[in-house]
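Reader: I would like to learn how to read a fold from its contacts, its shape and its core. Could you take me through one example?

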Amino acid sequence: MEAATHALPPAPPLQRPRVLMVGTAFASAAAIMVLLGMLGVYLTQRGAVLAAGDTWLPDGVTIPLSQPNIMLSTLLMGSVAVQWAVYAIARDDRINAYMALGLTMLFGFMVIVMTTYLYSIMELEIAASPQGVLLYAITGGHLAFLIGTMVFLALMSFRALAGQYTSRQHDGVSAAALAWHAQVAIFFVIWLAIYITK
């Protein structure tokens with residue numbers, strides 16, 4: 001009598017570790033900590049100057065509020081757009097994902113342009129005072145964070161265009177969105193500490 005054979009059930013799909021997401025979270029946290037550290041020095045120095053009865057900004061230097069407000073609004077719109085990209089790629093809606101990724105890049109470029117314009121109208125020389133060094137170091141640090149995020153986002157967009165991301169595996173786009181949200185969060189703190197309270 002022939003022995004009965006039993007077929008084993010198929011093995012479950014391997015769960016890929018979310019290395020890219022974890023790495024992005026650590027890198028974003030490191031960038032935020034650096035900027036918060038510099039912001040702490042800025043606030044300490046400003047508090048000491050104000051406590052002595054002096055004004056913080058040198059004579060003739062003004063920091064307008066319109067440009068920082070526009071920058072914050074644009075970054076927040078970018079957060080909505082990049083989250084739209086994550087939502088779309090998670091549903092294999094490639095057309096909307098590409099549109100959302102392109103829109104996020106456009107918002108980032110607009111913030112870069114607005115930041116350089118703000119620098120041009122502040123008339124604060126970087127080497128003339130400690131205020132200039134601190135302010136440009138912090139805002140320039142955020143600008144570098146934004147540019148790095150945009151480069152990351154562009155690389156993930158190319159991979160999405162190449163069809164490497166689907167509804168089952170879209171960690172790259174999610175990681176780029178995480179980096180975007182992180183740089184928006186730290187800009188909000190900078191906006192509050194530097195541009196609002198001045």
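Reader: What share of the contacts with a separation of 6 or more comes from residues 24 or more positions apart?

Author: Here it is 79% of those contacts in the protein. Do keep in mind that this is a predicted model.

Reader: Which elements make up the protein, and how many helices and strands are there?

Author: There are five helices and zero strands, and the order along the sequence reads α-α-α-α-α. The radius of gyration is 23 Å, well over the 16 Å that the globule rule gives for 198 residues, so the protein is more spread out than a compact globule. The C-alpha trace spans about 100 × 30 × 25 Å along the principal axes.

Reader: How should I read burial and surface?

Author: Begin with the totals. Of the 198 residues, 40% are buried. The accessible surface comes to about 11000 Å², and carbon and sulfur atoms account for 70% of that. As for charge, there are 8 positive and 8 negative side chains, with the centres of the two sets 11 Å apart.

Reader: And the core: how many residues does the largest nonpolar one have, and which have the most contacts inside it?

Author: The general idea is that in soluble globular proteins, nonpolar side chains tend to be buried together. In this model the largest nonpolar core has 53 residues, and Met122, Ile194 and Tyr195 have the most contacts inside it. Helices H1 (19–51), H2 (66–89), H3 (94–122), H4 (130–161) and H5 (171–196) each give two or more residues to this core. The largest share, 15 residues, comes from H5. Setting aside residues up to four places away in sequence, Ile194 touches Leu39, Tyr42, Leu135 and Ile138.

Reader: What does Val82 contact, leaving aside neighbours within four places in sequence?

Author: The contacts of Val82 are Thr104, Leu153, Ala177, Trp180 and His181. Val82 sits in helix H2 and is buried, with a relative accessible area of 0%.

Reader: How far apart are Val82 and Leu118 in sequence and in space?

Author: They are 36 residues apart in sequence, and 25 Å apart in space from C-alpha to C-alpha.

Technical notes:
Residues numbered from 1 in each chain as written. Predicted model: local features only at pLDDT ≥ 70, side-chain atom pairs only at ≥ 80, totals over all residues. Heavy atoms only, no water. Helix = DSSP H or I, 4+ residues; strand = E, 2+ residues; numbered from the N terminus. Rg over C-alpha atoms; globule rule 2.2 N^0.38 Å. Buried < 20%, exposed > 50% of the residue type's maximum accessible area, 1.4 Å probe, protein only. Contact = heavy atoms within 4.5 Å. Areas by Shrake-Rupley, 256 points an atom, 1.4 Å probe, with all protein chains shown as cover. Lys, Arg positive; Asp, Glu negative; His and termini not counted. Charge placed at Lys NZ, Arg CZ, Asp CG, Glu CD. Core = buried A, V, L, I, M, F, W, Y, C linked by side-chain atoms within 4.5 Å.
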